[in-house]
Amino acid sequence: MANEFDLQRLVRPNIWALTPYSCARDEFKGRAARVFLDANESPYNPTINRYPDPLQEKVKARLAPLKGVASEHIFLGNGSDEAIDLVYRIFCRPGVDNVVAIEPTYGMYRVCADINDVQYRPVLLDEHFQPSADRLLAATDENTKVIWLCSPNNPTGNDLLREEVQRVILGFRGIVVVDEAYSDFSDQPPLRFYVDRCPNLIVLNTLSKAWASAGARLGIAYASKEIITLFNKVKYPYNVNSLSQEYALNLLSEPLKVERWVAQIRQERAHLLPALSELPICLKLYPTAANFVLMRVTDADRLYRYLVDRGVVVRNRNRVQLCAGCLRITIGTPQENNELLGALRQFKP
């Protein structure tokens with residue numbers, strides 16, 4: 001793959017030639033400074049009066065050893081959705097190029113394709129929610145720039161078969177994005193360790209799930225140095241605000257606390273799933289490696305409305321392909337899970 005991979009061939013020509021905006025702080029980087037009169041900032045209300053570090057160097061330096069990936073292979077964005085959108089803006093020519101994705105999966109891949117006027121080609125998973133590398137590769141053509149995968153997958157919850165994922169990465173000369181937002185809840189080794197060996201691989205992650213920080217809006221992309229350079233070239237200059245960076249630094253200094261959160265969620269998952277499977281309304285409980293479970297029920301729409309009326313909100317996936325009759329249920333605290341089970345046990349089919 002390394003000998004065949006041509007990054008410049010994949011990048012939109014205007015992006016490859018782009019001269020990025022020069023941030024005010026870039027010009028003196030590496031030098032000591034005490035008086036800042038360069039960026040038209042207010043001198044009052046420190047420290048929030050200053051623009052944030054555009055490349056989030058301190059956050060990356062703390063994140064890198066925790067994730068086992070060098071800082072130069074890390075991009076930080078305003079949620080993973082920013083990284084998803086940047087993939088389209090960097091690689092896909094509007095109205096010309098296309099992408100291939102598994103179906104069902106996270107909906108923002110398609111939304112960003114529509115926003116960027118890029119054809120979206122879904123390839124259905126099998127009855128076990130597993131992909132076929134042959135079918136995914138067969139859906140590509142000379143204008144296919146990206147293949148989207150998500151493992152553990154959303155909304156199905158399962159790990160994708162690693163051998164099929166590897167076949168896609170090795171068999172496709174374009175970009176392969178593997179979204180590992182839920183990988184902390186899985187026993188499958190993450191793919192981020194391979195970005196320096198697979199030049200066409202981008203791996204997404206986030207602080208929203210295992211790190212319990214969805215409100216901070218901090219997404220992560222791991223990729224080759226060359227792809228990370230393109231991300232930083234195209235992103236808006238100050239895409240991660242100072243408050244989120246400061247929050248992330250504090251959170252990343254407490255990895256043991258996060259490990260306890262993950263362990264508690266996995267423990268609750270082990271308790272909740274058998275209880276759900278015993279309910280008369282449960283027709284099928286799908287295997288999950290995430291912090292949620294997909295459950296096929298007798299009447300998804302009616303059960304969803306019933307739960308909402310009782311103040312319990314789950315996700316109705318009844319109209320998603322291959323998920324007819326299904327609700328997606330997030331693993332909560334013991335108290336939340338008990339309240340859910342209590343409501344489900346009182347439901348009259």
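Two strands pair if DSSP finds at least two bridges between them. Helices (H or I, at least four residues) and strands (E, at least two) are DSSP runs, numbered from the N terminus. Keep both in mind for today's structure.

A word on the source. This is a predicted model, where local features need pLDDT of at least 70 and side-chain atom pairs count only at pLDDT 80 or more, while totals for chains, interfaces and linings use all residues. Residues are numbered from 1 along each chain as its sequence is written, and side-chain values use heavy atoms, leaving out hydrogens and water.

Seven strands form an open sheet with mixed pairing, in the order S1-S7-S6-S5-S4-S2-S3. Which strands stand at the edges? They are S1 (74-77) and S3 (119-124). Each has a single partner strand, so one side of each is left without a neighbour in the sheet. On average, neighbouring strands here are turned by 20° against each other, direction ignored.

Look inside the sheet. S4 (residues 144-150) and S5 (residues 175-179) pair in the parallel sense, over five bridges. Find Ile147: its bridge partner in S5 is Val176.

Next, a helix on that sheet. H5 (residues 108-115) lies across S2 (98-103), S3, S4 and S5. It runs at about 155° to S3. Axes are lines fitted to C-alpha atoms, for helices over the stretch in contact, and angles run from 0 to 180 degrees between N-to-C directions. Contact means heavy atoms within 4.5 Å.

On to the cysteines. A disulfide is a covalent bond between the sulfur atoms of two cysteines. Cys112 counts as buried, at 3% relative accessibility. Buried means under 20% relative accessible area, exposed over 50%, partly exposed in between (1.4 Å probe, protein chains only). Cys198 is buried too, at 14%.

Now the hairpin. S8 (residues 282-285) and S9 (residues 292-297) pair in the antiparallel sense over three bridges. Six residues join S8 to S9. Leu285 stands opposite Met295 in S9.

Last stop, H11 (residues 300-309). Its buried residues include Leu303, Tyr306 and Leu307. What do the buried residues of H11 pack against? They meet S9, S10 (315-316), S11 (326-330) and helix H12 (334-345). Just after H11 comes Gly311, with a positive phi of about 80°.
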